[in-house]
Amino acid sequence: MFTPFMKWYWMLVIIVVAIKLVYVIGTFFVMKYFIPYFGYVKPVIRGIPRDMKKTIEHLKQHSKTKEEYLKKAYDVITTKYQSEFAGIWKYFPLHFETSWKKIWQRKGYIPCHHFAHLMRIFLIKSKLFNDEDIKFKLSIYGWCGHQYCLVKVNETWIPIDAWGQRIGIPFGKAASWIEL
């Protein structure tokens, strides 16, 4: 029925899939339990920089609706920062940063969980949204754990994945292979 080649082929496929599963589960475990702010935890927002407060106030003054404010906050964050598909390894120490002042002063790459928390900060500090309007979602994307937000606007939950913008994920969509 199976030739010796086919047996070896399927064994190799099973081994590769098993290795990828162990990698994904292991990476996700490390991210969820050892990286600050990654996961479903919503820490108390303290000590945000003055420049960030000014930006939030400016956006609020120039937005007519919650959805318009959400889109403008998304644009500010995705213009200031960028993502990289394999940034988890290239910028590994940055994943442990917990100072919003240091993160806000930064330009360039930030990890997905910082994008998600910055969105949360912008939304809550605007006083247009409250904590019940924001949920963190976890998924697997690019063989790594990934975090983004769901934001409630007019009784509709909108996925907001600011990290995904640079890799072609549009506003209102999220980078996800597998939802967790």
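Colleague: What does it take for two strands to pair?

Modeller: Two strands pair if DSSP finds at least two bridges between them. This model is predicted. Here, β3 and β4 (residues 144-153) pair in the antiparallel sense, over 8 bridges. Take Leu138: its bridge partner in β4 is Gln147.

Colleague: Now helices. What should helix α6 span, at 1.5 Å a residue?

Modeller: An α-helix has 3.6 residues a turn, so residues three or four places apart point the same way. Helix α6 has 14 residues, 112-125, and should span 20 Å. Its end C-alpha atoms are 20 Å apart, which agrees.

Colleague: Is α6 enclosed or open, and which residue with a positive phi follows it?

Modeller: 13 of its 14 residues are buried, so α6 is largely enclosed by the rest of the structure. Lys127 follows α6, with a positive phi near 65 degrees.

Colleague: How do I read a salt bridge, and how many are there?

Modeller: Look for a side-chain nitrogen of Lys or Arg within 4 Å of a carboxyl oxygen of Asp or Glu. The whole structure holds 5 salt bridges. One of them joins Arg120 and Asp131, with the closest N and O atoms 3.0 Å apart. Arg120 lies in helix α6 and Asp131 in the loop between α6 and β3, so the pair ties together parts that are 11 residues apart in sequence. Arg120 is buried, at 4% relative accessible area. Asp131 is partly exposed, at 26%.

Colleague: Which side chain meets Asp133 in a salt bridge?

Modeller: That of Lys66, at 3.9 Å, N to O. This pair links distant parts of the chain, 67 residues apart: Asp133 is in the loop between α6 and β3, Lys66 in helix α3 (residues 66-80). Asp133 counts as buried at 12% relative accessibility. Lys66 is partly exposed at 27%.

Colleague: What makes up the nonpolar surface patch?

Modeller: A patch takes residues with over 30% relative accessible area. This nonpolar patch is about 810 Å², made by Tyr23, Phe29, Val30, Tyr33, Phe34, Trp89, Phe92 and Phe96. Helix α1 (residues 4-34) gives the largest share, 5 residues.

Colleague: Where does Phe96 lie?

Modeller: Phe96 lies in the loop between α4 (87-90) and α5 (100-105). Its relative accessible area is 34%, so Phe96 is partly exposed.

Definitions and conventions. Residues numbered from 1 in each chain as written. Predicted model: local features only at pLDDT ≥ 70, side-chain atom pairs only at ≥ 80, totals over all residues. Heavy atoms only, no water. Helix = DSSP H or I, 4+ residues; strand = E, 2+ residues; numbered from the N terminus. Expected span 1.5 Å × (residues − 1). Buried < 20%, exposed > 50% of the residue type's maximum accessible area, 1.4 Å probe, protein only. Patch = residues over 30% accessible without salt bridge, like charges linked within 9 Å, V, L, I, M, F, W, Y side chains within 5 Å. Areas by Shrake-Rupley, 256 points an atom, 1.4 Å probe, with all protein chains shown as cover.
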